[in-house]
Amino acid sequence: MRRPFARITALHRVILATDLAKSYAGRPVLRGVSLRAEPGHVFGFVGPNGAGKTTFLKCLVGVVRPDSGSIEVDGVDARGNALEARRRVGYAPSETALYQRMPVEELVDFAISFHPAPDRARARELIGLFGLPPRRRAGKLSHGMKRKLLLAQAFAANAPVLLLDEPMEGLDPEARRIVEDLLREEAARGRTVFFSSHDLASVQRVCHEVAFLRSGNILECASVPALLERVSKILVVVLREPRSRQDLPDSPHFQWSGSGERWNLTLDCPLEQVLPQLAALPLAGVRDASGGLEELFEALYGPDAEDAAETEA
Amino acid sequence: MNRMLVRQMIRENLYIAIGYFVLLTIALLAAVLYWPELRDNVPVLIKLVPFDKLKGWVQQMEQEGYWPYFVVQQFFKGCSLFGLAAAALIGSGMVAREADQNTAEFLLSRPVSRRRVLLVRWAVGVVMLAVPVFLSSIAGWAVSVAIDEKVSFVATMICAAYLSLFLMTLFSFTAWMSAGATHQLRPGVTLVGITLLMFALYLVKVANKLSIFMMVDHEVLVPIRDGIYPWGRAAIFVIASGVLLYGALRRFEARDF
């Protein structure tokens with residue numbers, strides 16, 4: 001009898017890619033991608049269209065054969081034994097094309113039935129949670145509903161590793177919130193969650209680690225707090241009475257802009273160093289308006305970064 | 001796992017199989033019921049038939065009566081024509097439909113091997129092609145009694161089995177094409193094109209040896225009633241199907257989606 005995944009030690013539940021390369025008709029799509037996603041963590045995979053995110057995920061599940069490099073999924077060599085690796089993966093592709101004639105419930109059942117320990121009760125629960133009509137044919141579903149169906153089957157596969165390609169794409173804000181909660185829950189249960197996304201706000205809220213991919217290369221790969229350390233910290237400071245610039249505390253780490261009662265403070269030091277100095281002001285309120293992953297994304301992929309990359313090339 | 005793949009394959013192709021069965025049966029029953037009218041005019045018909053191959057068939061009808069008429073109507077005409085269309089439609093979709101409709105990633109990311117997917121689909125496809133051949137042949141055999149003709153049930157079933165092997169070969173060829181194609185239309189159209197060429201060759205006296213229809217015509221089918229079975233040709237169909245299926249597996253397994 002196959003050993004239930006729940007009993008496998010969390011140490012195995014790792015995605016490990018080493019020097020993964022793939023070309024289509026001589027055009028390189030992945031150029032030696034290496035990364036490691038840990039169990040109990042949510043790993044975000046970010047990059048512009050055509051960066052190679054989907055190809056990387058397809059390599060992990062064996063839909064695309066890499067040219068070189070190695071992949072390990074939950075302790076299994078995914079290149080040598082793709083079938084065994086797929087048994088350990090709940091996968092939701094970015095492509096929402098489905099078998100048009102199959103009703104929702106049957107399609108989810110079809111998708112999870114290949115897995116060694118599918119959770120059918122969970123499948124029904126997720127169909128209800130996402131508000132999917134169980135008897136409606138897949139061909140009659142909206143794009144967002146198809147996305148939810150794909151997510152439902154990936155979660156209900158009850159596999160130790162979750163791979164989701166663009167899981168937030170096409171979802172309304174409420175559904176995004178539900179998916180974010182589900183991703184956190186899955187990670188809390190010790191699963192390895194790996195997803196690609198263009199929704200940087202979601203990535204920032206949910207992920208423990210993020211990798212930024214461009215033209216098949218990893219540009220950055222670090223924990224979310226470490227990445228956020230590198231973006232500007234901005235506080236919006238609202239005063240009870242107007243003040244001039246000279247009345248505000250000064251420091252080589254501070255940069256003030258604004259006037260009267262409303263000021264923006266840009267910092268390049270930890271927040272704890274600032275708070276005592278701000279406490280001396282007649283504060284009506286302080287709000288964090290720091291840049292997030294969006295700002296980092298802009299720095300990595302914006303026109304300046306592209307120029308720099310071209311010059312480097 | 002296999003059950004789900006079988007169900008999915010049947011769901012995708014059920015209407016094609018039903019349509020194929022209905023057309024096959026209607027065409028055969030119409031031909032059977034027309035026989036009493038034709039029977040007395042066979043000597044006149046020989047003078048009107050333009051091609052040697054067809055002339056030979058009509059001569060056989062004149063000499064041996066209903067059996068040559070029955071086997072050609074059901075197996076040479078009906079199964080080859082409608083069976084070809086069904087083989088093209090079902091076989092072309094085996095892999096190429098998944099690529100065409102972008103469902104390949106969804107299926108192939110499941111923990112199921114490509115080998116199993118293809119073998120299950122191939123087996124279901126062969127059954128979907130063969131069952132209508134047998135059922136319509138039984139219907140034709142039963143209705144023949146109504147026009148005071150009697151055909152051997154065993155010979156009819158052997159002919160049905162032989163034609164099923166022929167269709168299996170056409171289906172395997174389409175599956176091989178489908179395994180490497182990105183659009184469903186291409187393998188289907190290719191099979192139909194090649195078969196039309198084969199039929200054209202069949203009607204040309206000096207070239208008909210090159211036609212696969214030589215393997216399923218009256219000269220092969222009629223002697224089955226007398227216990228002369230086409231074992232060699234049947235073996236060719238089986239071997240060709242095996243080779244084509246193996247080629248389809250290799251193609252499918254090497255492909256990126």
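In this predicted model, pLDDT stays under 50 over residues 1–10 of chain A. For that stretch the model has 11 contacts beyond four places in sequence. Chain A as a whole averages a pLDDT of 89, and 93% of its residues score at least 70.

**Domains of chain A**

Chain A is divided into two parts: domain 1 spans residues 5–224, and domain 2 spans residues 233–288. Their C-alpha centres lie 43 Å apart.

**A hairpin in chain A**

Strand 12 of chain A covers residues 254–259, and strand 13 of chain A covers residues 262–267. The two strands pair in the antiparallel sense over 6 bridges. Across this pairing, A:Trp256 stands opposite A:Leu265, which belongs to strand 13 of chain A. The two strands form a hairpin with 2 residues between them. In the turn, A:Gly260 has a positive phi of about 60°.

**Chain B**

Chain B contains 11 helices and 0 strands. Read from the N terminus, its elements therefore run as α-α-α-α-α-α-α-α-α-α-α. How does the radius of gyration of chain B sit against that of a compact globule with 257 residues? Chain B has 19 Å, which agrees with the value near 18 Å that such a globule would have. The C-alpha atoms of chain B fill a box of roughly 65 × 40 × 30 Å, taken along the principal axes. Of the 257 residues of chain B, 45% count as buried. Among contacts in chain B between residues at least 6 apart in sequence, 80% join residues at least 24 apart.

**Where the chains meet**

How many residues of chain A are in contact with chain B? The count is 21 residues of chain A, in contact with 17 residues of chain B. Three elements of chain A each give two or more residues to this side, as listed below.

| Element of chain A | Residues |
|---|---|
| helix 1 | 53–61 |
| helix 2 | 82–87 |
| helix 3 | 104–112 |

Helix 2 of chain A supplies the largest share of the side that touches chain B, with 3 residues. By residue class, the side of chain A that touches chain B divides into 13 nonpolar, 2 polar and 6 charged residues.

Conventions
Residues numbered from 1 in each chain as written. Chains lettered and ligands numbered in written order. Predicted model: local features only at pLDDT ≥ 70, side-chain atom pairs only at ≥ 80, totals over all residues. Contact = placed C-beta atoms within 7 Å. Helix = DSSP H or I, 4+ residues; strand = E, 2+ residues; numbered from the N terminus. Nonpolar A, V, L, I, M, F, W, Y, C, P; charged D, E, K, R; others polar. pLDDT = per-residue confidence, 0-100. Rg over C-alpha atoms; globule rule 2.2 N^0.38 Å. Buried ≥ 20, exposed ≤ 12 C-beta atoms within 10 Å, placed from the backbone. Domains from an automatic or database assignment. Pairing = 2+ DSSP bridges.
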